[in-house]
Amino acid sequence: MESSEDEKKLETLVTNVKGMFHHKDENLKVVEGFKLESYLGSWYEFARKPVIFEAGQSHVTADYSMNEDGTVRVYNSGKNKDGEVKSAEGTAKIPDPNEPAKLAVTFGKLISSPVPADYWVLAVEEPTDITPRPYSGALVGEPKKRFLWVLHRTVGEAAQRWYEQCLTLAQGLGYDTSDMILTKHDP
């Protein structure tokens, strides 16, 4: 059997199994008054729930910028256990302008028939000492509560404090945070 046939069978299996075991919480609260322009820019992944596409990765960052067509360019990168940089590029859209914190992201190069994934901004940290004010921290998840990321603009003490707040917030939203992984970054 050709490799491409195996890949198509695997894609089909993944698509069929995706979501079978998790209830989608459509009422999951997201950030009210979310401002996409305050979210754009570079982020450090401070912590995450285990996800197969980031298994063993450290030094994970995410960069968000506007595309000319109004979508958002998503560029994620991290180092594998051998120190090799791995990256993925995708596109985010806001399906409903009335709920801008509920984005849908596709990573077309990972599979040949991309299915948008929910990417919901559950909480943000707004700095008080910067104008204009980009968000300094973000808690991102999705309505099946399988995935969860804690993002921050730094990796120091402020990020640690934000992470501790996010654990409490996530638990209050019904997430199991017992398996959170702290992402390694060099100081």
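This is a predicted model: local features need pLDDT of at least 70, side-chain atom pairs count only at pLDDT 80 or more; totals for chains, interfaces and linings use all residues.
Local features are reported at pLDDT of at least 70 and side-chain atom pairs at pLDDT 80 or more, while totals for chains, interfaces and linings use all residues. Residues are numbered from 1 along each chain as its sequence is written, and side-chain values use heavy atoms, without hydrogens or water.

The protein contains 3 helices and 9 strands. These elements are DSSP runs numbered from the N terminus, with helices being H or I of at least four residues and strands being E of at least two. Their order from the N terminus is α-α-β-β-β-β-β-β-β-β-α-β. Of the 187 residues, 39% count as buried. Buried means under 20% relative accessible area, exposed over 50%, and partly exposed in between (1.4 Å probe, protein chains only). The accessible surface comes to about 11,100 Å² (Shrake-Rupley method, 1.4 Å probe). Carbon and sulfur atoms hold 53% of that surface. Contact means heavy atoms within 4.5 Å. Among contacts with a separation of 6 or more, 50% join residues 24 or more positions apart.

Helix 3 covers residues 157-172. The buried residues of helix 3 are Ala159, Trp162, Tyr163, Cys166, Leu167 and Ala170. They fall within an arc of 150 degrees seen down the axis, so they line one face of the helix (directions run from the helix axis to the C-beta atoms). An α-helix has 3.6 residues a turn, so residues three or four places apart point the same way. On the other side, Glu157, Thr168 and Gly172 are exposed. The buried residues pack against strand 1 (41-48), strand 6 (117-125), strand 7, strand 8 and strand 9 (181-182). Gly174 follows helix 3 and has a positive phi, near 100 degrees.

The largest nonpolar core has 41 residues. Such a core is a set of buried Ala, Val, Leu, Ile, Met, Phe, Trp, Tyr and Cys residues joined through side-chain atoms within 4.5 Å. Phe34, Tyr39, Tyr64, Val150 and Leu151 touch the most other members. Beyond four places in sequence, the contacts of Val150 include Trp162, Tyr163 and Cys166, as well as Tyr44, Phe46 and Met180.

His152 is placed in strand 8. At 3% relative accessibility, His152 counts as buried. Its side chain reaches the backbone oxygen of Ser136 at 3.3 Å. Leaving out residues up to four places away, His152 touches Trp43, Tyr44, Glu125, Ser136, Gly137, Ala158, Ala159 and Trp162.

Arg73 belongs to strand 3 (residues 72-79). This residue is partly exposed, at 27% relative accessibility. The Arg73 side chain makes a polar contact with that of Glu89 at 3.0 Å. A polar contact is a pair of N or O atoms within 3.5 Å; within protein, one must be able to donate a hydrogen and the other to accept it, and residues adjacent in sequence count only if both atoms are side-chain atoms. The C-alpha atoms of Arg73 and Gly90, 17 residues apart along the chain, are separated by 6.1 Å.

Most residues other than glycine have a negative phi. His59, in strand 2 (residues 58-66), has a positive phi of about 55 degrees. His59 counts as buried at 17% relative accessibility. Lys145 also has a positive phi, near 60 degrees. Lys145 sits in the loop between strand 7 (137-141) and strand 8 (148-152).

Technical notes: The expected span of a helix is 1.5 Å times one less than its number of residues.
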